[in-house]
Amino acid sequence: MAQTNGVSKAPEPQKLKILMLHGYTQSGPLFHAKTRSLEKLLIKSLKPLVPTLSYPTAPIRLLPADIPGYVGEESNETDAWGWWKRETGGDKYLGLEEGLDKIGDAIREMGGIDGVVGFSQGAAAAGFVAALLQPGRREAFEKQTEKNRDVFPFPKSWVDLPALHPEGLKFAVMYSGFATPNVLYKSFYQPKINCETLHFIGSLDSVVEENRSLALANGCEDGKVIHHPGGHFVPVGKEMGGVLVGFLRDCLAEKKEEEESVEDMDVPF
């Protein structure tokens with residue numbers, strides 16, 4: 001225990017920094033409201049760690065025409081946002097660089113993160129985050145770019161971020177996530193994402209088909225898949241919340257064991 005002027009001072013509690021990425025048409029505050037019970041559960045269940053969650057809002061304001069089933073005046077300004085927009089009739093992501101810039105700023109503001117949680121488009125983005133912070137990923141992007149100048153390049157605004165995460169992320173959690181099939185983005189999945197990942201799939205999800213979510217799980221070295229008996233939403237009930245807590249405890253315990261084993265090594269320096 002640290003001492004100041006002879007008086008014992010309790011150590012600062014260790015934060016567990018988690019980036020929370022909302023879905024298409026949502027916002028950071030809306031996603032926070034929808035997952036507040038999960039936040040409370042994590043704070044209660046992961047002591048002595050102090051979960052600190054950040055909920056940025058995507059940078060692309062969506063037009064009424066961009067929102068499926070929108071009801072209202074076409075001239076209305078929406079509070080609906082996206083990390084990118086898919087091109088009409090194709091699978092190219094318009095504005096992805098801008099979306100990643102905003103996510104990178106959020107990570108920088110937190111001084112780095114331990115993990116990421118995302119829903120729907122935010123879950124796909126969470127996969128991008130886990131990939132971009134993986135050691136050696138920038139070199140993988142550069143190799144693909146040498147073969148094909150049209151592939152999506154490693155984002156310039158992320159060049160400094162891997163240094164904040166020398167071992168990559170501790171975990172990534174995806175609710176109703178998906179992988180992009182477009183070969184322009186293959187560098188995100190080759191090599192496979194190697195941090196611990198948990199993928200929640202709703203058996204009644206009519207927005208993101210199961211095979212798309214499984215494609216994201218298959219793009220990870222050890223993607224754990226959990227099915228819940230619901231649709232396109234983040235399940236915050238006791239059972240699925242318990243699954244999340246158990247997964248995070250396992251991830252954090254493994255990282256702690258790795259750190260302790262390194263500290264105990266008899267190294268010649």
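Me: Into how many nonpolar, polar and charged residues does the lining of the largest pocket divide?
Reply: In this predicted model, the largest pocket holds about 810 Å³ of space. Its lining comprises 31 residues, and those closest to the centre are Tyr24, Pro68, Ser120, Gln121 and Val207. Helix H1 (28-34), strand E7 (85-86) and strand E8 (93-94) are the elements that each give two or more residues to this lining. By residue class, the lining divides into 16 nonpolar, eight polar and seven charged.

Me: Where on helix H5 do its buried residues fall, seen down the axis?
Reply: The buried residues of helix H5 (residues 137-147) are Arg137, Ala140, Phe141, Gln144 and Thr145. Seen down the axis of H5, these residues fall within an arc of 135°, so they line one face of the helix. Lys143 and Glu146 are exposed on the other side of H5, and the side that holds the buried residues is therefore one face, within an arc of 135°.

Me: Which helix do the buried residues of H5 pack against?
Reply: Among the buried residues of H5 are Ala140, Phe141 and Gln144. The partner that the buried residues of H5 pack against is helix H4 (121-132).

Me: How many disulfides does a search of the whole structure find?
Reply: A disulfide requires two cysteine sulfur atoms within 2.5 Å. Cys195, which is buried with a relative accessible area of 8%, has its nearest cysteine sulfur, that of Cys220, 6.9 Å away. Cys251, also buried at 3% relative accessibility, has a sulfur 8.0 Å from the closest cysteine sulfur, in Cys195, which is too far for a bond. For the whole structure, the number of disulfides found is zero.

Methods: Residues numbered from 1 in each chain as written. Predicted model: local features only at pLDDT ≥ 70, side-chain atom pairs only at ≥ 80, totals over all residues. Heavy atoms only, no water. 1 Å grid on protein atoms, 1.4 Å probe; cavity = no way out; pocket = protein on both sides within 12 Å on 5 of 7 lines; lining within 4 Å. Points joined across faces, edges and corners; volume = space filled by probe spheres on them. Helix = DSSP H or I, 4+ residues; strand = E, 2+ residues; numbered from the N terminus. Nonpolar A, V, L, I, M, F, W, Y, C, P; charged D, E, K, R; others polar. Buried < 20%, exposed > 50% of the residue type's maximum accessible area, 1.4 Å probe, protein only. Arc of directions from axis to C-beta. Contact = heavy atoms within 4.5 Å.
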